Amino acid sequence: KHDATIPGIHAQKLDGNGVAQWGSTATGVTVMNLVDTAFDHNSTTEMQPRIAPDGGAGCWMAWVDGRNWDQLAPNGFAHAQDLYVQRLDDSGVPQLLANGAPVDTQPGSTVDLQIAPGSAGELLIADKSLLFDAGDIFCARISTGGVRGTDDILNKSGVAADNEQKNTVLVADGSGGVFVAWDDKRVSANQ
């Protein structure tokens with residue numbers, strides 16, 4: 001939830017009867033308080049919060065974050081949007097850093113975030129990065145400690161794909177992997 005009276009991202013667990021289990025019925029538990037920095041664009045960032053089971057009784061949360069939007073990266077470009085994650089235990093207690101663990105702080109915007117449960121409590125993510133061109137889809141595995149593994153660029157050539165890839169859909173395969181589908185304009189920018 002993100003609004004002017006309760007800024008940030010909140011989560012709530014409901015039992016089989018619809019009774020709130022975490023925090024207050026109005027706000028649940030806080031996953032991320034808006035972090036005001038000299039660089040932020042939080043008020044204009046579409047956070048796209050996502051939730052997935054963690055393989056136990058808890059869950060993963062992931063979101064697009066604008067707290068370092070105007071901070072310059074080593075290459076001189078602004079960070080723009082970054083990706084953050086948080087893991088909540090069965091009581092709704094955050095298991096990673098307060099306000100989330102950064103899993104993508106490359107310069108350039110990140111959009112179209114999708115997540116799915118991995119194996120052994122891990123998280124699988126896919127996102128569209130605007131780092132190279134009009135957009136490339138990246139997949140990665142996030143460890144239970146909130147650390148991003150090696151990215152896999154979905155065109156398998158080891159370099160970013162030409163033109164735009166978008167509208168990612170991610171579904172767990174039940175064996176710790178993931179099915180991924182997306183719109184692809186590699187052959188022609190006019191598709």
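## An all-strand chain in a predicted model

The protein chain exposes about 9400 Å², and carbon and sulfur atoms supply 52% of that area. Accessible areas here come from the Shrake-Rupley method with a 1.4 Å probe, and for residues only the protein chains shown count as cover. This is a predicted model, in which local features need pLDDT of at least 70 and side-chain atom pairs count only at pLDDT 80 or more, while totals for chains, interfaces and linings use all residues. Residues are numbered from 1 along each chain as its sequence is written, and side-chain values use heavy atoms, with hydrogens and water left out.

### Overall make-up

The protein chain has 12 strands and zero helices. Both kinds of element are DSSP runs numbered from the N terminus: helices are H or I runs of at least four residues, and strands are E runs of at least two. Along the sequence the pattern reads β-β-β-β-β-β-β-β-β-β-β-β.

Of the 191 residues in the protein chain, 41% are buried. A residue is buried under 20% relative accessible area, exposed over 50%, and partly exposed in between (1.4 Å probe, protein chains only). Among contacts in the protein chain between residues at least 6 apart in sequence, 45% join residues at least 24 apart; a contact means heavy atoms within 4.5 Å.

The structure holds zero disulfides, a disulfide being a pair of cysteine sulfur atoms within 2.5 Å. C59 is buried, with a relative accessible area of 6%, and C139 is buried as well, at 10%.

### The sheet β3-β4-β5-β6

Four strands form an open sheet in the order β3-β4-β5-β6, with antiparallel pairing. β3 (50-53) and β6 (101-104) stand at the edges, each with a single partner strand, so one side of each is left without a neighbour in the sheet. On average, neighbouring strands of this sheet are turned by 30° against each other, direction ignored. The axes behind such angles are lines fitted to C-alpha atoms, for helices over the stretch in contact, and angles run from 0 to 180 degrees between N-to-C directions.

Two strands pair if DSSP finds at least two bridges between them. β3 and β4 pair in the antiparallel sense over four bridges, and the bridge partner of I51 in β4 is M61.

D65 lies in strand β4 (residues 59-65) and counts as buried at 1% relative accessibility. The side chain of D65 makes a polar contact with the side chain of W63 at 2.9 Å. A polar contact is a pair of N or O atoms within 3.5 Å; within protein, one must be able to donate a hydrogen and the other to accept it, and residues adjacent in sequence count only if both atoms are side-chain atoms. The D65 side chain also reaches the backbone nitrogen of R67 at 2.8 Å.

R67 is placed in the loop between β4 and β5 (82-88) and is buried, with a relative accessible area of 9%. A polar atom of the R67 side chain lies 2.8 Å from the backbone oxygen of N99.

### Strands β8 and β9

Strand β8 (residues 123-129) runs antiparallel to β9, and seven bridges join the two. K128 stands opposite I137 in β9. Six of the seven residues of strand β9 (residues 136-142) are buried, so β9 is largely enclosed by the rest of the structure.

### P117 in β7

P117 is found in strand β7 (residues 110-117) and is partly exposed, with a relative accessible area of 27%. Not counting residues up to four places away in sequence, P117 touches A52, P53, E122, L124 and A172. The C-alpha atoms of P117 and S175 are separated by 9.9 Å, and these residues are 58 apart along the chain.

### Positive phi at Q48 and N167

Q48 has a phi near 50°, a positive value in a residue other than glycine. N167 also is not a glycine, and its phi is positive at about 55°. The table gives the place and the relative accessible area of each.

| Residue | Place | Relative accessible area |
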